[in-house]
Amino acid sequence: MMVAEKPALGFQAHGDGDDELELELASPAPPPRKMHSLEFEHIGSLAAVAESLAPGSRWQRALTSVRVVIFQAKINVLLPFGPLAIMLHYLSGTHQGWVFLFSLIGITPLAERLGYATEQLACYTGPTVGGLLNATFGNATEMIISIYALKNGMIRVVQQSLLGSILSNMLLVLGCAFFAGGLVHSDRDQVFNKASAVVNSGLLLMAVLGLMFPAVLHFTHSEAQYGKSEVALSRFSSCIMLVAYASYLFFQLKSHRSMYSPIGDEEAAAEEEDEKEITQGEAICWLFILTIWISVLSGYLVDAIQGASDSLNLPVAFISVILLPIVGNAAEHASAIMFAMKNKLDITLGVAIGSSTQISMFVIPFCVVIGWMMGQEMDLNFQLFETATLFITVLVVAFMLQEGTSNYFKGLMLILCYLIVAASFFVHVDPDATGDN
């Protein structure tokens, strides 16, 4: 009877009785254990899904995100200055200097929080894409300010603020990062990927080339059509520079990704796991919210520039080249120093030099094309003084990066160079300031 029942239970009787007994004892045991583990896995996954979909859990997660992004950072005590600037703009139209200062202070924590949200998003994307994201959203403030100024016909403010952003990133941001990283790791030189730094230096020199020829054409009075050839050359060069930047992105993210692998990649990846404080979706939402709020304040900031220049007795060139970029680069400044102190020099360079590359090869040509669409004659003639300043800065930074190492002394030299540039623009009178503004 037992032999007859075995096939009904799914066993086949082959061989001797001992074999059948072993089969009978061994075969039924695994299925219950397998079903038991699967059952617990399903119960666990269903519980996790149910918990994530619960309304209380979503609200709790949102409140945690607000606490981390808004209330955890001490710099956010400056956030009320933004609404105060808007109120002051409508209550008193004569105090443009105060509106400018309050807008400037109010944008600073927003730019820093924009950098924080970008860093959180970068934790999910990897170091190469993370550096690109840092540079892109770090430049969102400058791009928004530039579009507002371009819309108002303030072409020189656009040119000078973008130039100032490049100078600030290459000298002040990179200098402070090298200096802080060098002090923390004073026992040795910090090392970074020299190959990627050389590629960025080449792109910056190409940007100088694109900016130099319209200026040379203008100051040598050798235009085929006076006033038109310069603009036409600028628009053509801008299109070429945009193609070059798109090719650079393909080179960096697709064809030569291995060249941009940071030194000590495994260590960095392990450390970054501990840095995730908000989810990927929350980081994207915060980027969207902060960008909108920065764009609102940028409008009031741009409207108050000329009034602030008169009331504070500061040249428009100094405000555009020095003050605006320092605020716009707050995100890059904070993140570059933080990464340098953690000995992640490749991400620091991706933020500072990558940001300068992006402004010179993408944002400036993009503004020329946008101005073309708006009917504004935005060109690449940044005037002789500004173009020469950029050329010398690119050379200085290229020499600093050629060894592939950094220390606090290199950082100090870059900071001191920036102070000389700032003093130069403080005593510089822009010949076209009244004409374009």
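Student: Which side chain meets that of Asp187 in a salt bridge?

Tutor: The model is a predicted one, in which local features need pLDDT of at least 70 and side-chain atom pairs count only at pLDDT 80 or more, while totals for chains, interfaces and linings use all residues. Residues are numbered from 1 along each chain as its sequence is written, and side-chain values use heavy atoms, with hydrogens and water left out. A salt bridge is a side-chain nitrogen of Lys or Arg within 4 Å of a carboxyl oxygen of Asp or Glu. At 3.4 Å, N to O, the partner of Asp187 is Arg188.

Student: Is Asp187 buried or exposed?

Tutor: Buried means under 20% relative accessible area, exposed means over 50%, and partly exposed lies in between (1.4 Å probe, protein chains only). Arg188, with 43%, is partly exposed. The relative accessibility of Asp187 is 62%, so Asp187 counts as exposed.

Student: How many residues apart are Arg156 and Glu386?

Tutor: The side chains of Arg156 and Glu386 form a salt bridge of 2.8 Å, N to O. Arg156 is buried at 1% relative accessibility, and Glu386 is buried with a relative accessible area of 1%. Helices are DSSP runs (H or I, at least four residues), as are strands (E, at least two), numbered from the N terminus. Arg156 lies in helix α9 and Glu386 in helix α18 (residues 384–401), distant parts of the chain, and their separation is 230 residues.

Student: Is Lys410 buried or exposed?

Tutor: Lys410 meets Glu403 in a salt bridge of 3.3 Å, N to O. Glu403 has a relative accessible area of 54%, which means that Glu403 is exposed. For Lys410 the value is 9%, so Lys410 is buried.

Student: Why do the rings of Tyr90 and Tyr300 count as edge-to-face?

Tutor: Rings of Phe, Tyr and Trp (its six-membered ring) pair if their centres lie within 6.5 Å; planes under 30 degrees apart count as stacked, over 60 as edge-to-face and the rest as tilted. The whole structure holds nine aromatic pairs. The centres of Tyr90 and Tyr300 are 6.0 Å apart, and the pair is edge-to-face because the angle between the planes is 75°.

Student: Which helix holds Tyr300?

Tutor: Tyr90 is exposed, with a relative accessible area of 60%, whereas Tyr300 is buried at 14%. The pair links distant parts of the chain, 210 residues apart: Tyr90 is in helix α5, and Tyr300 is in helix α13.

Student: Where does Phe192 lie?

Tutor: Phe178 and Phe192 form a stacked aromatic pair, with 6.2 Å from centre to centre and 20° between the planes. Both residues are buried. Phe178 belongs to helix α9 (residues 155–184), whereas Phe192 lies in the loop between β1 (190–191) and α10 (194–219).

Student: Against which helices do the buried residues of α5 pack?

Tutor: In helix α5 (residues 81–91), the residues Gly82, Ala85 and Ile86 are buried. They are on the same side of α5 because they cover an arc of only 95° around the axis, the arc being that of the directions from the helix axis to the C-beta atoms. With contact meaning heavy atoms within 4.5 Å, the buried residues of α5 pack against α6 (96–122) and α13 (280–303).
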